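This report describes the fold, the packing and the confidence of one protein chain. Please keep the sequence and the structure in view while reading.

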Amino acid sequence: MSTAAARTRQARLLLRPTLRALRWQPLPVAVLAAVLLLWWRDPARADPPAVLWEVRVVGVLLAAGVAGAFDDHTRATLSAVPAPLRFRSGLRVLLVVAPAAAAWAVLVSWVDARVAGALPSLALTLEAATVTAVVVAFVASLAVRPGLPDPGVAAGPVLAGFVFGVPGLPAPVALTTLPGPGWESAHLRWTAVLVVSVAVLAVAVRDPAASLRRQRQGSEDPPSELLVTDDLDVRVVDGEAPAGQPHHRAVGHP
């Protein structure tokens, strides 16, 4: 069986237990909060900067909903399956990010229609993806620690600090700018943060057993077998002995 076929079969087998183990409650709550926000603050009646901030808040809410992807009390049990940690984590993130991305696409399309196509949708999608990547990378880094079944709970303070700290950044490193002279430069910085977050996530979901396997494969076998007896008599089994002689040499105490 090829590697791709094996991974596909593993994904099918892991799909149901992963869906049952995921903590789904935060995501629909976040989507509902985003819908209520946009309904209460109708983009058609708001000025362009206010609409921009409303959509950014929607992205933050969805990122908070995705934070529960690694909250799983059965993670230790599923770690015994042959699929590597990176594969299991990728499946887990995909199952949560996919509906969040669908909700984002629907809400942004609705807002864009309300403002007659004046919304910078691609740029705001980059911002939302970056915030989500930061949250997921942080939660994944905590998930590898033993005794912490709900790392998503700790993402709340980090997300709040990120949301309140980013608007206060000075102009040379500002991220939450308005469309204008510094808009493109700010989104280049958003891209850099996204790349760093993805790299941190890739490191966080490394399988610790993989490095042990490589170390074992790289280690050389000893040239002969050592047998240690109770009386500290160390004997080396290494080759044929002459006729009538025992098949070992004593190199320790007689």
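Helices (at least four residues) and strands (at least two) are DSSP runs, numbered from the N terminus. Read from the N terminus, the order of the elements is α-α-α-α-α-α-α-α-α-β-β-β. The chain has 254 residues, of which 33% count as buried. Where contacts join residues at least 6 apart in sequence, 66% of them link residues at least 24 apart.

**Packing of H6 and H7**

Two packed helices are described by the angle between their axes and the distance between the axes. The axes of H6 and helix H7 (residues 155–165) cross at roughly 145° and come within 10 Å. The crossing of H6 past H7 is right-handed. On the side of H6, the contact is formed by Val131, Val134, Val135, Phe138 and Val139, and on the side of H7 by Ala155, Val158, Leu159 and Phe162. Sorted by class, this contact comprises 9 nonpolar residues, no polar and no charged ones.

In soluble globular proteins, nonpolar side chains tend to be buried together. Here the largest nonpolar core has 26 residues, and Phe70, Val96, Val135 and Val139 have the most contacts inside it. At least two residues of this core are supplied by each of helix H3 (48–66), H5, H6, H7 and helix H8 (183–204). H6 gives the largest share, 6 residues. Leaving out residues up to four places away in sequence, Val135 touches Ala63, Ala67, Ala155 and Leu159. Another core, of 18 residues, lies apart from the largest one and includes Ala34, Val55, Leu119 and Ala128.

Which residues illustrate buried and exposed positions? The table lists the relative accessibility of three of them, including Leu52, Ser197 and Ala116.

| Residue | Relative accessibility | Class |
|---|---|---|
| Leu52 | 4% | buried |
| Ser197 | 8% | buried |
| Ala116 | 72% | exposed |

Leu52 is part of helix H3, and it counts as buried because its relative accessibility of 4% is under 20%. Although Leu52 and Leu119 are 67 residues apart in sequence, their C-alpha atoms are 7.6 Å apart in space.

Ser197 belongs to helix H8. Not counting residues up to four places away in sequence, Ser197 touches Ala133, Val134 and Ala137.

Ala116 is located in the loop between helix H5 (85–114) and helix H6 (121–143). Ala116 is not a glycine, yet it has a positive phi of about 60°. Ala116 counts as exposed because its relative accessibility of 72% is over 50%.

**Confidence of the prediction**

The pLDDT averages 77 over the chain, and 72% of the residues score at least 70. Where in the chain is confidence lowest, and where is it highest? The lowest mean, 39, is found in strand S1 (residues 225–228), and the highest, 93, in H8. Residues 220–241 have a pLDDT below 50, and this stretch has 35 contacts in the model beyond near neighbours in sequence. Over residues 247–254 the pLDDT also stays under 50, with 21 contacts beyond four places in sequence. Where pLDDT is low, the predicted coordinates should not be read in detail.

Conventions
Residues are numbered from 1 along each chain as its sequence is written. This is a predicted model: local features need pLDDT of at least 70, side-chain atom pairs count only at pLDDT 80 or more; totals for chains, interfaces and linings use all residues. Side-chain values use heavy atoms; hydrogens and water are left out. Buried means under 20% relative accessible area, exposed over 50%, partly exposed in between (1.4 Å probe, protein chains only). Axes are lines fitted to C-alpha atoms, for helices over the stretch in contact, and angles run from 0 to 180 degrees between N-to-C directions. A crossing is left-handed if the near helix is turned anticlockwise from the far one by less than a right angle, and right-handed if clockwise. Contact means heavy atoms within 4.5 Å. Ala, Val, Leu, Ile, Met, Phe, Trp, Tyr, Cys and Pro count as nonpolar, Asp, Glu, Lys and Arg as charged, and the others, Gly among them, as polar. A nonpolar core is a set of buried Ala, Val, Leu, Ile, Met, Phe, Trp, Tyr and Cys residues joined through side-chain atoms within 4.5 Å. pLDDT is the predictor's confidence in each residue, from 0 to 100.
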